[in-house]
Amino acid sequence: MYGWVVVGAAFTLMLVGFSAAYSFAAFFGAFQAEFGASRGDIALVFSVAAFLWFLSGAPAGMLADRYGVRRVALAGVALLAVALWVASRAQSLDMLYATYSIGIGLGVGLTYVPSIGAVQPWFTANRAFASGLAVAGIGAGNIAGPLLAEWWIGLAGWRGAYLGLALFVLLLGGAAALAIRESEHRVTRAGEGVTLRGAVRTAPFWMLFASLLLSCVGLFVPMVHLGPYAVDAGYSAAQGVALVSLIGVGSLLGRFCVGGPADRLGRLPALAAMYAGLGAMFVVWWAASAYWVLALFAVVFGICYGAYVALLPTIVMDLYGPRSVSGIIGCLYTGCGVGTLLGPWLAGVAFDAFGSYELPMLAGAACSLAAAACVLPLFHVQAKALHSG
């Protein structure tokens, strides 16, 4: 069945896109040394990129619905490779905002939402499992990106590392983009389901939107700041990067393992549980000092993160059908964009002001628990009620 080829292509597109994005953790110290900037200003490089990849998800999804996922994904891969190449020549932090932030943000947006949207119509009973396999590419990128970048920085400096990442993205991502395509089921039954305009008029859409916004205020703080936090705690830079990669390990586990139980027990309850788990892990981070506890935090945090990212597209498909699935997912992800723009940047600002990450940790816990509360009223929502409404 070609659907599994589509899953593999989506996995690979997310692997290369998020390797480029999450490699940022390895570059944090190099940027501090090169540009002499504050942590808030450096974190903003990533925050703007993440804001743009979530913000561009909506138009990317609509473009994929109209013109096809392959064309949109190819454009995204090309943009990622160019952004990394140009970023390797940056002479200031402002140039990184203009190259890495904008290019990576738009490039990931053009590959992420269309790819995961393309997977959904290929499957029915095993949709959550297939979706989990596809978005496991994000976790793989979370592992590979920081480790590859750390290795290449040691060999060729941060500029050479960006050139290596550009080639990696172009070759592997280009092949995956050529392999991905839409399901014939989706083409022949394109009228099935709810339009984007119809979805936006429903209460569940806005409850999910609020949950994503709140959860993402804290979600990406460890991706950016866990490395510097570890160095502040007396551990090496390599140990800090390893912690970020452990989030990726957990993310892979979450994406692979959540599908089966969620298909049986309910996807919305599983989503709420993952949000609550993120909140609990922020409390563990706040209380931790030993490296093994930080490692445990990173893995479990990654499991909760990976599981909820795998669940969301399947929930959208359950609620609204295949008609505008990519566009709806993309619009929901704009909530992630707002939260991500604020979270890592404000965490850096808080550290610059108070010399500690305690406030961002506790804020992340509170926002994650509030996200779980947003999902609770949706437990009894039935897809058929939305389809008929």
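pLDDT is the predictor's confidence in each residue, from 0 to 100, and a contact means heavy atoms within 4.5 Å. Keep both in mind, as this is a predicted model: local features need pLDDT of at least 70, side-chain atom pairs count only at pLDDT 80 or more, and totals for chains, interfaces and linings use all residues. Numbering runs from 1 along each chain as its sequence is written, and side-chain values use heavy atoms, with hydrogens and water left out.

**Stop 1: colour by confidence.** The protein has a mean pLDDT of 86, with 94% of its residues at 70 or more. Now select residues 382-389: pLDDT stays under 50 here, and the model has 14 contacts beyond four places in sequence for this stretch. Helices here are DSSP runs (H or I, at least four residues), numbered from the N terminus. Confidence is lowest in helix α18 (residues 383-388), with a mean of 42, and highest in helix α17 (residues 358-375), at 95.

**Stop 2: the cavity.** On a 1 Å grid over the protein atoms alone, a cavity is a set of points where a 1.4 Å probe fits but cannot get out; a pocket is an open set with protein on both sides within 12 Å along at least five of seven lines, and lining residues have an atom within 4 Å of a point. Volume is the space filled by probe spheres set on the points, which are joined across faces, edges and corners.

You'll find one cavity of 30 Å³ or more, and the largest cavity has a volume of about 110 Å³. Select Phe54, Tyr112, Phe220, Tyr305 and Val309, the closest to its centre of 16 lining residues. α15 gives the largest share of this lining, four residues.

Stop 3: Select Ala25, Phe28, Gly29, Val231 and Ala237, the closest to its centre among 16 lining residues. Helix α2 gives the most to the lining of this pocket, six residues. By class, the lining holds nine nonpolar, five polar and two charged residues.

How values were computed:
Helix = DSSP H or I, 4+ residues; strand = E, 2+ residues; numbered from the N terminus. Nonpolar A, V, L, I, M, F, W, Y, C, P; charged D, E, K, R; others polar.
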